[in-house]
Amino acid sequence: RSFWNQSMVEESVHAPWTVVTQGTPVSYSQADLMDKLELVMSHSSEETTAFLEGSSSSIADAMIGLLVYVESAHDIIRLIRLMDDVIEFDSKSMSAISDSIKKRDDGFEPFLRLLQSWSSKNLSLCAEASVVMGKLYVSVSKGNPSDAFNAQVLRLGEWISDQLADDKVAGSGEIPETVIVMLLQALGQMFRVDVARKLFCLNYPKNVAIVARLLDAEMHKQVQALYQAVFVLWLLSFASAGETADAVSQAMDVAFVPRRLSLLLREVTAEKVVRVCVATLNNLTKDKFSPRLRREMVGAGISKTVEQLCVRRWADIDILNDMASLGESLHEEKKLMSSFEVYHHEVLSGALQWTHVHSDDMFWRDNVERMEKNNMEVLRCLVRLLNQSSDPVVLSVACNDLGMFVKYHPRGRYIAQSLGMKKKLMLLMSHENADVRRHALNCVQVLMITHWDMIQKAAN
């Protein structure tokens with residue numbers, strides 16, 4: 001994409017850089033060099049190559065200097081896009097700009113100041129600048145970047161997360177789709193560098209959840225935004241073994257990434273989104289990551305989802321290879337888990353489905369007291385699903401399981417009352433879905449019966 005060929009901005013509205021920079025510390029020779037660069041970029045690639053080869057270092061210094069002193073939004077966008085075109089033109093030009101940043105005492109500070117100054121005035125401008133900064137960080141990192149550079153790119157990651165966490169993303173349309181995509185592209189550039197993966201997940205693990213929530217049904221945007229969000233998670237899944245993989249595991253676990261990818265796979269049809277979802281899950285089954293992620297996948301029923309996806313026709317054969325590998329890994333993991341462990345991780349994943357354990361009286365008799373472990377983690381999660389989920393199947397299964405717990409646990413009614421689930425169950429009795437109403441009513445009836453065990457004996 002060349003800015004100079006875009007019809008949205010006519011050449012006639014560009015003031016020469018020698019005029020734009022009047023009254024600033026930018027020298028006339030630097031501004032004149034930029035004017036010549038703009039002119040040659042509109043000519044043949046051979047002329048551009050020759051010009052950049054002879055002046056790449058001077059051009060890089062001029063660009064960073066302009067970034068510090070240019071004040072109008074139009075000229076900043078013009079400069080950022082020119083910088084992006086030069087970076088994309090060849091690797092030598094990118095290296096020259098990276099070297100110019102390395103020589104500066106303040107490194108990437110001109111970019112970060114721009115983001116801080118313009119965020120509330122022109123987020124699109126900032127998003128474009130963040131992508132360019134991400135690309136340059138990848139180039140700078142090839143030379144083992146200093147802690148100062150890593151700290152600056154962490155600030156970029158935090159700034160991007162702040163924008164994506166804003167309520168404006170959640171459906172009001174206040175942030176355009178193109179801006180969301182660019183912000184995710186900038187994060188993706190960061191996560192091409194392993195040290196950035198580690199530092200981001202160690203310092204801001206909750207920010208991974210900000211990206212992951214873009215996969216939720218209520219947040220669904222166009223295919224490109226979905227693809228870019230999963231692509232960011234896919235890049236994180238290439239973490240090196242050791243501390244980086246541990247940090248990524250923890251962040252992915254907190255963000256319920258396996259569950260969210262599982263739900264997305266059931267809903268999305270775009271092949272490129274399916275491909276990167278399956279590839280991400282497949283990467284996360286590797287031994288370097290926490291087994292909790294694999295167990296969450298088993299609990300979320302990803303094996304069944306993959307089986308259903310395998311019958312579809314795919315243009316890309318790699319999807320089928322990844323599905324086969326993923327299915328095999330999860331099959332091996334499931335063999336190591338007891339029936340309660342599988343159930344436990346299904347509940348924690350939040351992706352409840354009607355499997356046999358939910359209605360198996362023997363399963364509940366044998367395992368009901370285990371649901372009190374870890375401060376009643378399973379029960380609290382079921383109650384949380386009642387309050388947070390909008391999926392009728394999840395709500396129905398959660399009502400069923402809470403009813404089974406009350407029915408088979410000696411102190412089930414008391415524990416259920418202490419968790420405060422009765423009020424929510426009463427609300428669900430008027431839910432629009434008939435199955436949810438029925439299971440909520442059944443659960444309330446069980447709660448109201450004082451001696452369920454005696455009724456069971458009498459029935460027997």
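**Figure 1. Leu66 in helix 3.** Leu66 lies in helix 3, which covers residues 45-69, where helices (H or I, at least four residues) and strands (E, at least two) are DSSP runs numbered from the N terminus. This is a predicted model, in which local features need pLDDT of at least 70 and side-chain atom pairs count only at pLDDT 80 or more, whereas totals for chains, interfaces and linings use all residues. Residues are numbered from 1 along each chain as its sequence is written, and side-chain values use heavy atoms, with hydrogens and water left out. With a relative accessibility of 0%, Leu66 counts as buried; buried means under 20% relative accessible area, exposed means over 50%, and partly exposed lies in between, for a 1.4 Å probe and protein chains only. Not counting residues up to four places away in sequence, Leu66 touches Trp17, Thr21, Val26, Met34 and Leu79, where contact means heavy atoms within 4.5 Å. Leu66 and Thr24 are 42 residues apart in sequence, and their C-alpha atoms are 9.1 Å apart in space.

**Figure 2. The whole chain, as a setting for the close-ups.** The chain has 26 helices and zero strands, and its C-alpha trace spans about 95 × 40 × 40 Å along its principal axes. Of the 460 residues in the chain, 53% are buried. Among the contacts in the chain with a separation of 6 or more, 71% are accounted for by residues 24 or more positions apart. The accessible surface comes to about 21,200 Å², and 49% of this surface belongs to carbon and sulfur atoms; such areas come from the Shrake-Rupley method with a 1.4 Å probe, and for residues only the protein chains shown count as cover. The chain holds 49 positive and 57 negative charges, whose mean positions are 8 Å apart. In this count Lys and Arg are positive and Asp and Glu negative, while His and the chain ends are not counted, and the place of a charge is taken as NZ of Lys, CZ of Arg, CG of Asp or CD of Glu.

**Figure 3. The crossing of helix 5 and helix 7.** Two packed helices are described by the angle between their axes and the distance between the axes. The axes of helix 5 (residues 91-103) and helix 7 (residues 123-141) come within 9 Å and cross at roughly 80°; axes are lines fitted to C-alpha atoms, for helices over the stretch in contact, and angles run from 0 to 180 degrees between N-to-C directions. Helix 5 and helix 7 are therefore roughly perpendicular to each other, a description used for angles of 65 to 115 degrees, whereas angles under 35 count as roughly parallel, over 145 as roughly antiparallel and the rest as oblique. On the side of helix 5, Met94, Ser95, Ile97, Ser98, Ile101 and Lys102 meet Lys135, Leu136, Ser139 and Val140 in helix 7.

**Figure 4. Ile97 in helix 5.** Ile97, which is placed in helix 5, counts as buried at 1% relative accessibility. Leaving out residues up to four places away in sequence, Ile97 touches Ala60, Met63, Ile64, Met83, Val86, Ile87 and Leu136. The C-alpha atoms of Ile97 and Val86, which are 11 residues apart along the chain, are separated by 9.3 Å.

**Figure 5. Val40 in helix 2.** Val40 is found in helix 2, residues 28-41, and counts as buried at 9% relative accessibility. Between Val40 and Phe51, 11 residues apart along the chain, the C-alpha separation is 7.5 Å.

**Figure 6. Helix 14 and its buried residues.** Eight of the 11 residues of helix 14 (residues 257-267) are buried, so this helix is largely enclosed by the rest of the structure. The buried residues of helix 14 are Val257, Pro258, Arg259, Arg260, Leu261, Ser262, Leu264 and Leu265.

**Figure 7. Arg292 in helix 16.** Arg292 is found in helix 16, residues 291-299, and is partly exposed, with a relative accessible area of 39%. Apart from neighbours within four places in sequence, Arg292 is in contact with Asp253, His345 and Leu348.

Figure 8. Most residues other than glycine have a negative phi. Asn375, found in helix 21 (residues 373-388), has a positive phi of about 60° although it is not a glycine. Met376, also placed in helix 21, has a positive phi near 55°. Asn375 is exposed, with a relative accessible area of 57%, whereas Met376 counts as buried at 15% relative accessibility.
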